[in-house]
Amino acid sequence: MAAAYAPPSTMSALKEYVSGSSTMQQSAESTVQLFISHNHLKARFPEIRLDKHMTVDAVKAKVNSMTGTSVLSMTLHLQDESGRLVDVLQDGSRKLGYYSPRDGWRLHVIDTDDSSLSAQGWLEDVSKVTKYVMSEEDYASRDNTYRKYKETKLREDPGWTLEKEMCMRRGMPYSAPAQLGPDYMQAEAGSLSAGQRCCVEPGERRGEIK
C-alpha cells in the first residue's frame, strides 16, 4: 500500500515546498491535475488539482466556482491527452478516482442550460455589457482634462511631450527619442514566421507569433 501523503510539518519545510521548483512540489498520491474546458467558454483552466476521493458532485461544485455553470446543469466528460472521451461522470455519488483520471487529462464541461450566463455569452462577450461613452461635446466642455492640459503646454512649448514634462519634474535631462524608419529591425523580422514561440521582454511572457 502506498504511504499516505504527509504535509510539511515545519515552517521551513513548508517554505521550501512552496518556493521550490516544480520537481519539489510533488502531487499527493490521492490528487490529480486536470485541465478544465467548457463548451461555451474560450477560457481554459490548466492544471487544476483535484482529490480523487472527491465525489463527482463535489467536483462539479468546484468547477461551478470557476465556470459559473450550475451543478444541476453540468455534465462532465473525462478526456485523455488526445481529446478522446474516456467516460461521462454521471453518478454524482461516485468518487473521482473511480474513473482512474491521470495528470494532464481534461474535464470538459457541458452546460445543458440554454439560458445560462455562459450559453448567452455574458461571461466573456464584453459587447453585451452597456458601457458609458462620453460625448465629444461633453468632454470638450470640461476644464480639468488631459486634452486641455496638453493644449496649454503646447502653446507654451511647441516641442512639449509628456516624457519631457516628466523629466523636467524629476530634474533629469531630456533627449528626444530617435526617429525610427520604416525599415527598423526589418532583417530581424524577416527571420520570424507565424506560429513560432516567442518570449516578450520585459516580463518574460511567452506567446506565439501571429
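The structure is a predicted model, in which local features need pLDDT of at least 70 and side-chain atom pairs count only at pLDDT 80 or more, while totals for chains, interfaces and linings use all residues. Residues are numbered from 1 along each chain as its sequence is written, and side-chain values use heavy atoms, with hydrogens and water left out.

Strands of a sheet pair through backbone hydrogen bonds, either parallel or antiparallel. Here 5 strands make an open sheet with mixed pairing, in the order β2-β1-β5-β3-β4. Strands (E, at least two residues) and helices (H or I, at least four) are DSSP runs, numbered from the N terminus, and two strands pair if DSSP finds at least two bridges between them. At the edges stand β2 (45-51) and β4 (85-89); each has a single partner strand, so one side of each is left without a neighbour in the sheet. From one strand to the next, the twist averages 35 degrees.

The pairing of β1 (residues 31-38) with β2 is antiparallel and runs over 5 bridges. In β2, D51 is the residue opposite T31.

Helix α2 (residues 56-67) lies across β1, β2, β3 (74-79), β4 and β5 (106-111), and runs at about 150 degrees to β2. Contact means heavy atoms within 4.5 Å. Axes are lines fitted to C-alpha atoms, for helices over the stretch in contact, and angles run from 0 to 180 degrees between N-to-C directions.

The whole structure holds 3 aromatic pairs. Rings of Phe, Tyr and Trp (its six-membered ring) pair if their centres lie within 6.5 Å; planes under 30 degrees apart count as stacked, over 60 as edge-to-face and the rest as tilted. The ring planes of Y98 and Y99 are at 90 degrees, with centres 5.1 Å apart, so this pair is edge-to-face. Y98 is partly exposed at 49% relative accessible area, whereas Y99 is buried at 8%. Buried means under 20%, exposed over 50% and partly exposed in between (1.4 Å probe, protein chains only). R94 lies over the face of Y98, 3.9 Å from the ring centre; a charge counts as over a ring if NZ of Lys or CZ of Arg is within 6 Å of the ring centre and within 35 degrees of the ring normal.

Y146 and Y149 form a tilted pair, 6.4 Å centre to centre with 40 degrees between the planes. They are 3 residues apart in helix α4 (residues 146-156), and therefore separated by about one helical turn. Y146 is partly exposed at 42%, and Y149 is partly exposed at 29%. Ring pairs link Y146, Y149 and W160 into a cluster.
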